[in-house]
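Okay, thanks everyone, let's get going. Have a look at the screen and I'll talk you through a few bits.

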Amino acid sequence: MERRSFLQKLLLAAAGLGLPPGWLASQAKRYGQALAATSRKLALLIGINRYPGEGSPLQGCVTDVELQRELLLYRFDFDPAGILTLTDAAATPKGIELAFAEHLGASSQTAATVVIQFSGYGQWRAGAEPRRWQPVLLLSGPEGPEAMGLEHFFQLVQGLGTAQITTVLDCGFTYVAPAVRGNLQLRSRPPALPAAASTVPDPGRLPSAAEQQAWPSPPKGVLIAATTPQDLAAEAAWPGFHAGVLTYLLTQYLWETTPATRLLIAFSQVAGRRELGLFSCQRPTLEGRETARRIPPYFLTPSQGVASGVIQEVKGNRAQVWLGGIPAAALWGLQPGTLLAPLAAEPSTVSPLPLLVRSRSGLWAQVQPANGEGQLPPVGTLVREQLRVLPSNLKLLVGLEESLGRVERVDLTNAIAGYSWMETANPRERQVDCLLGRITPEMAAAFQVDALSKPLEVNSYSLFWPGRELLLNSCGPPGEAAATAVQRLAPRLAHLLAAKRLRTTLNAAISPLAVVGELSTFKPSRAARFAQGAPAEPGIQRFLRGEPLYLILRNEGNQDLFGYLLMVDPGGQVHLLAPLPQDDPALPLRLEAKGTLTLPPLPDSAVPPDLLTCHAQGLTELLFVASTRPLSTSLEALKAMVRQQGITRSPMLLSKPLEWTQMLLEELTRRPPEGDPDLRWLDPSQAVTLSLTYLLV
């Protein structure tokens, strides 16, 4: 039996029998000594989906453990015996304390490197003193959840002999109903009083600032938390799997990052992702900022270069590949037929033949040699995308809010079915692109009126992002029929699908086309980068509406690039920013080899400097889409739009977003020589797409 598996079973047995830590210490002394001699990289990964006696269990915590384990094994060269996982029933208070004592006890060596992950529920609980609430981690127990104070958990971390410790908490503590919000489920429970208390707290009431004084000091090393003590944390449905928002974004970024970067830069990039911006109540935090400025993630340098995944199992001429390095937006479109290039172990080694994806389920893909024969690379070989196969008929998935009545849900489903390019989906089971629901009185009262063109109408149909954040200006009149609402919203939904299709081409990490972008007010402390770079404060960058803002694009490669700069505004609509419509463009935006472009042009031009900040408050995304080939077909269509709409200045709202993005995608890709005619090949050596997200305030 594998040593890690043996220890895990021993921990579970000891905890179940109620044996003291000393018992396992005496039995496992020889094991600990052997492990200390062979491995100086240790990890304890805890994930709880199913709590005893709990309904509506979490679905992504065990996946978090898998995400971290695969990353540590294949990007940071951990030994399998150095990683202990405690999931579901094994994650008891005694089991965790034993794991710290016996598995991480080898970290008494000061040079050891330790990674600790907890994914599950957090909660505020009333302490022994009046008005003193304490954060706790909810663990498994024989009859129900058992609490371990966060302070005690931190003390266990603090007691380790090494200072090279990374602690990841993918849970929340503050709870605000409802727990399920479209694609997201909160990882927190309502605040609780002791069992002997005579009153029960309001589940929706947050402890006041005065009551939240018991937050413990962070332990040594660095602490990455999914959110602040006062904000929310969630797990999400991604394409084919569930996982914590923080853990998936963090691990996916670390798969594709090269060269090695500082932890603060990596955290800043993760905290600025669009997926977090769509759930504005979650704000990841990093403790140990000064240490994070100096060290790489996990105090270790990743092995090899950019990777999309790793070969996990080989059987005959088939293999199973873990695709933890592919962005969620790209997973939407990744189809069978995609080619993966195995990475040679040594630069001088001849690269193995590419692998053909036969099928994919979530993060797992079944592959075989592209030529149908030949020997597969061994388990543990890293792979990188070589050709991505995309569908030309990708649909928009619309989730219906649970608060809607049965009859209106049927009416809305039937109305949406009348459009070939979208369909309804259950947000608890699949990742949806948006939600369709009604404005509640609470929403109307809470939303900032100054961000709207008109006040929200209670009980009217509107669109929401998957985390239940309102799409600006999508609210209709009260009493609107379901079919009429869908007809009214169809143009907006078409823009959402156009942006979704463009995001399936995101490939900056794997593309050899060396393009770098920087968004700045020309004040260094306010800069954010497409590629590497750390802003002054981690998180999504904020800029004032109307503030002069410039995008500097640099082509560090040897090929001229032709492309477009597009903006997705806070309402989800797609606008063309460059080439400039008022110039009646004769060519796409051209970025010369070794050249630089500034957009909008510097102040001596006729273009207003608020080109990037002229929209309403909210989340804004820039997409730079470029090809080594001139994009003549999509350009002609744009010129026709300019003439038809009489556009005189940028930005230009795309009047036919689905038709135009379809033309662009066909120019960026090519049709495979055989197979499904609805599939297209995206070659990262011929086309590149970058994304940058920021907030207008």
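So, there's an open sheet of 6 strands, ordered β2-β1-β3-β7-β10-β13, with mixed pairing. Pairing here needs at least two DSSP bridges between two strands, and the strands (E, at least two residues) and helices (H or I, at least four) are DSSP runs, numbered from the N terminus. At the edges you've got β2 (83-87) and β13 (285-287), and because each has a single partner strand, one side of each is left without a neighbour in the sheet. On average, neighbouring strands are turned by 10° against each other, direction ignored. Angles come from lines fitted to C-alpha atoms, for helices over the stretch in contact, and run from 0 to 180 degrees between N-to-C directions.

Before I go on: this is a predicted model, so local features need pLDDT of at least 70 and side-chain atom pairs count only at pLDDT 80 or more, while totals for chains, interfaces and linings use all residues. Residues are numbered from 1 along each chain as its sequence is written, and side-chain values use heavy atoms, with hydrogens and water left out.

Back to the strands. β7 (residues 164-170) and β10 (residues 222-225) pair in the parallel sense over 4 bridges, and Val-168 stands opposite Ile-224 in β10.

What packs on the sheet? Helix α3 (residues 61-74) does, touching β1 (41-47), β2, β3 (113-119) and β7, where contact means heavy atoms within 4.5 Å. The direction of α3 makes about 165° with that of β1. Helix α6 (residues 245-256) packs on the sheet too, touching β3, β7 and β10, and its direction makes about 135° with that of β7.

Now, rings. Phe, Tyr and Trp rings (the six-membered one for Trp) pair if their centres lie within 6.5 Å; planes under 30 degrees apart are stacked, over 60 edge-to-face, the rest tilted. That rule gives 11 aromatic pairs. Tyr-419 and Trp-421 form an edge-to-face one, 5.6 Å centre to centre with 65° between the planes. Buried or exposed? Buried is under 20% relative accessible area, exposed over 50%, partly exposed in between, with a 1.4 Å probe and protein chains only. Trp-421 is buried at 17%, while Tyr-419 is partly exposed at 23%. Elsewhere, ring pairs link Trp-124, Phe-173 and Trp-215 into a cluster.

Last, charges over rings: NZ of Lys or CZ of Arg within 6 Å of the ring centre and within 35 degrees of the ring normal. Lys-500 has its charged end over the ring of Trp-332, 3.6 Å from the centre, and Arg-438 lies over the face of Tyr-461 at 4.0 Å.
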